[in-house]
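Subject: Structure handover

Hello,

Here is the structure I said I would pass on.

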Amino acid sequence: MPEQNVRSFAVKDCALVSISTGVKAYILAELLEHLREVDVGCLYYHFWARQLRPSFDHPEFHNDFAAWAHRDLHDWVLAERLNLIAPHEFRNLEELREELINVIEERVDESGDLPWRKAAAPFYFVKSQIVVLDTGRRVNTPEELVEVIPSLSQGSIFYHFIDARRRTPDR
């Protein structure tokens, strides 16, 4: 029987580098305006960074937009709608941007004063850059992977199970 060429699975780790954009919004109309223009790295940060950074701030919200709408804008309806956006369901970040804008515009149409209501604190747009590190660990069989998983860092889990969906066309 010919010898099979077995490729090892390289275990990687990652971190998100946070980069301030200097862009902020106090009112929903500003947030919408900035959402149309900010780098897609901002969307990545505000939807996924919570999974890598320790946070006790609004654990019931899955993204920074929903947490801000609840905490600072005091619009629970908008917060809930933003919280329902599942970023992994979109093919790319531009589609995610469109959905985010659509949800906010729909809520604006329902409420006359909401676009101009000043938030208790501004929404700061932060973008991120993912930094990937090779841990040097290699896994050759599914059984080895089962043994390794409990010792993986949060960054490794994020890179291999969450961010991996973005890296290939078939997700």
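**Cysteines**

The disulfide count is zero, where a disulfide is a pair of cysteine sulfur atoms within 2.5 Å. C14 takes part in no disulfide, and the nearest cysteine sulfur, that of C42, is 18 Å away. Seen from C42, the closest cysteine sulfur is the one in C14, and 18 Å is too far for a bond. C14 is buried, with a relative accessible area of 7%, and C42 is also buried, at 1%. Buried means under 20% relative accessible area, exposed means over 50%, and partly exposed is in between (1.4 Å probe, protein chains only).

**What kind of model this is**

This is a predicted model, in which local features need pLDDT of at least 70 and side-chain atom pairs count only at pLDDT 80 or more, while totals for chains, interfaces and linings use all residues. Residues are numbered from 1 along each chain as its sequence is written, and side-chain values use heavy atoms, with hydrogens and water left out.

Helices (H or I, at least four residues) and strands (E, at least two) are DSSP runs, numbered from the N terminus. α2 is mostly covered, with eight of its nine residues buried.

The largest nonpolar core has 42 residues. A nonpolar core is a set of buried Ala, Val, Leu, Ile, Met, Phe, Trp, Tyr and Cys residues joined through side-chain atoms within 4.5 Å. The residues with the most contacts inside this core are L28, L31, L35, F65, L82, L100 and I104. Two or more residues come from each of β1, α1, α2, α3, α4, α5, β2 and α7 (154–167). Which element gives the most to this core? It is α5, with seven residues.

Leaving aside neighbours within four places in sequence, F65 is in contact (heavy atoms within 4.5 Å) with L35, L43, H46, F47, L82, L100, F123 and F125.

**Salt bridges**

Side chains of opposite charge can pair when their charged atoms come close. The structure holds ten salt bridges, a salt bridge being a side-chain nitrogen of Lys or Arg within 4 Å of a carboxyl oxygen of Asp or Glu. Three of them are described here.

- R36 pairs with E105, and their closest N and O atoms are 2.2 Å apart. This pair links distant parts of the chain, 69 residues apart: R36 is in the loop between α1 (28–35) and α2 (40–48), and E105 is in helix α5 (residues 93–110). R36 is partly exposed at 44% relative accessible area, and E105 is partly exposed at 28%.
- R81 and E106 meet through their side chains, at 3.6 Å from N to O. R81 is partly exposed at 26% relative accessibility, and E106 is partly exposed at 45%.
- R117 pairs with D113, with the closest N and O atoms 3.7 Å apart. R117 is partly exposed at 26% relative accessibility, and D113 is partly exposed at 46%.

Salt bridges that share partners also join D75, R81, E106, R107 and E110 into one network.

**Surface**

Which residues form a nonpolar patch on the surface? They are V17, I19, V131 and L133, with about 280 Å² of accessible area together. Patches are made of residues with over 30% relative accessible area and no salt bridge, with like charges joined within 9 Å and nonpolar side chains (Val, Leu, Ile, Met, Phe, Trp, Tyr) within 5 Å. Accessible areas come from the Shrake-Rupley method with a 1.4 Å probe, and for residues only the protein chains shown count as cover. β1 (9–25) and β2 (123–139) are the elements that give two or more residues to the patch. V131 lies in strand β2 and is partly exposed, with a relative accessible area of 33%.

E60 is found in the loop between α2 and α3 (64–71). E60 is partly exposed at 43% relative accessibility. The C-alpha atoms of E60 and P87 are separated by 16 Å, and the two residues are 27 residues apart along the chain.

Regards
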